[in-house]
Amino acid sequence: MPRNSFEKIEIVSVFPQAKQVEDLIIEQAEKLGYSEEDIFALRLSLEEALTNAIRHGNGQDPQKKVKIRYRAQPEEVEIYIADEGKGFDPSLVPDPTREDKLECPSGRGIMLMRAYMDLLEYNVRGNEVHLVKQRLS
Amino acid sequence: MEKNSPKIKVTQENGVTIVELLAEEILDEGTISTISESLFAVVEDHAPVQLLLSFERVKHLSSSALGTLIRLNKRIDETGGKLRLCKIKKNLYEIFTITKLNKLFDIFEDRETAIKSFVC
């Protein structure tokens, strides 16, 4: 079965635009009949990834763009989210469940995306995240 | 008369301030910021507060929302109060277990048990 091509969206680094992207991708997953659990995982991970791109990647600079490529298919939803920041090394992010980090108010987004997605990976520079959610069946 | 905001409902019961979160999605920065402002105002108005936060209507929660809860817990602690959480749906509770925040917060299944726990 041929795979769909990726849809491309570019937004400025403001949170309301991120919400529009989330709603668009979620709507497509819902149309394809993804379960409530899958939709829950997708919505959470999209929110985390887009927030990271806008806040940490682009420093909420409205001059900087976030580029999204996504492909919603019956068996999986695949998303790339790239910011214009200098990138980061995800292996250097401390484990937020460590005793000394438990009361730290930030640093849990990557852990949640890793828990809810079937694939989470970054490019070498660390300014693009690749997410895959396979249909739970 | 308690001050309510569009995103929270505040009531009193047996000396416990009960805040019901009215938003189904506490994901985006705008919603989190509005709720955060209202919650911190409740904490300051009732200090030292015995605060019960009900998640009955909440369906989605992000890591930023967890950050707000952590800051709120810290502030309540500083002012000599106590925070309890209740009525968290199974899939949301999973977020607390993944992040091990179920160890940091006192979480109750139902509202009545949570209210009683303040006097124990």
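Leaving aside residues up to four places away in sequence, Thr31(B) touches Lys7(B), Ala23(B), Glu25(B) and Ile26(B), where contact means heavy atoms within 4.5 Å. This is a predicted model, with local features needing pLDDT of at least 70 and side-chain atom pairs counting only at pLDDT 80 or more, while totals for chains, interfaces and linings use all residues. Residues are numbered from 1 along each chain as its sequence is written, chains are lettered from A and ligands numbered from 1 in the order in which they are written, and side-chain values use heavy atoms, with hydrogens and water left out.

So where does Thr31(B) sit? Look in helix H1 of chain B, residues 29–45; helices here are DSSP runs of H or I, at least four residues, numbered from the N terminus. Thr31(B) counts as buried because its relative accessible area is 9%, and the cut-off for buried is under 20% (1.4 Å probe, protein chains only).

Now follow H1(B) across to helix H2 of chain B, residues 63–78: their axes come within 10 Å and cross at roughly 10 degrees. Those axes are lines fitted to C-alpha atoms over the stretch in contact, and angles run from 0 to 180 degrees between N-to-C directions. That's why H1(B) is roughly parallel to H2(B), a label for angles under 35 degrees. On the H1(B) side, the contact includes Glu29(B), Ile32(B) and Phe40(B); on the H2(B) side, Ala65(B), Leu72(B) and Ile76(B) are among the residues involved.

Finally, chain B meets chain A: the contact takes 24 residues from chain B and 20 from chain A.

Terms used. Helix = DSSP H or I, 4+ residues; strand = E, 2+ residues; numbered from the N terminus. Buried < 20%, exposed > 50% of the residue type's maximum accessible area, 1.4 Å probe, protein only. Parallel < 35°, antiparallel > 145°, perpendicular 65-115°, else oblique.
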